[in-house]
Amino acid sequence: MIKLKSLLTEIKFTKPNFEFEWEEAERYPTIFPDKSTWFNAVKNGKVMNVNCDMNIQNTDFCWTESEPLHPGKVKGVEKQIASGKVELPIVMKHNGKYELIGGNTRLVGLSKNGLPTKAWVFEV
């Protein structure tokens, strides 16, 4: 990824598209058996700084030796960063543990560019 930090001093984070991310939430049918349950759970989230100390599962943002990211998604994240508006990744806290629901490429892109790593974090 291109280091954009020198070109940009501030990122405005936008609320996640919960409708679009439902596809990712469906991987957890015991927690989110339907869309209504998903929407009710995420609406009570908040924007938080996330970091490696949180041991967030299902993301590569703390690993230097991770699998290559999808090139098309990387380009999309680079465009978001260049525009100064980045959609927040979504992190769930469940039984005291954190897990990324959606936005791995965004989170990795922010981290690799030395930008704030923020996410929409909700608890179930």
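This is a predicted model: local features need pLDDT of at least 70, side-chain atom pairs count only at pLDDT 80 or more; totals for chains, interfaces and linings use all residues.
Local features were taken at pLDDT of at least 70 and side-chain atom pairs at pLDDT 80 or more, whereas totals for chains, interfaces and linings use all residues. Residues are numbered from 1 along each chain as its sequence is written, and side-chain values use heavy atoms, with hydrogens and water left out.

Helices (H or I, at least four residues) and strands (E, at least two) are DSSP runs numbered from the N terminus. One disulfide, defined as a pair of cysteine sulfur atoms within 2.5 Å, is present in the structure. The bond is formed by Cys-52 and Cys-62, with an S to S distance of 2.0 Å. Both cysteines lie in the loop between strand E2 (46-49) and helix H3 (71-83), ten residues apart. The link of Cys-52 and Cys-62 is left-handed, with -105° about the S-S bond. Relative accessible area classes a residue as buried under 20%, exposed over 50% and partly exposed in between (1.4 Å probe, protein chains only). Cys-52 is partly exposed at 45%, and Cys-62 is likewise partly exposed at 33%.

Strand E6 (residues 118-123) pairs with E2 in the antiparallel sense over four bridges; pairing requires that DSSP find at least two bridges between two strands.

A nonpolar core is a set of buried Ala, Val, Leu, Ile, Met, Phe, Trp, Tyr and Cys residues joined through side-chain atoms within 4.5 Å. The largest such core contains 21 residues, of which Phe-32, Trp-38, Ile-81, Ile-101 and Phe-122 touch the most other members. At least two residues of this core are supplied by each of helix H1 (18-25), helix H2 (35-42), H3, E4 and E6. A second, separate core comprises 13 residues, including Met-54, Phe-61, Val-74 and Val-91.

The axes of H1 and H2 come within 10 Å and cross at roughly 115°. Axes are lines fitted to C-alpha atoms, for helices over the stretch in contact, and angles run from 0 to 180 degrees between N-to-C directions. H1 and H2 are therefore roughly perpendicular to each other, a class that spans 65 to 115 degrees. The crossing of H1 and H2 is right-handed, the near helix being turned clockwise from the far one by less than a right angle.

Note on methods:
Angles under 35 degrees count as roughly parallel, over 145 as roughly antiparallel, 65 to 115 as roughly perpendicular and the rest as oblique.
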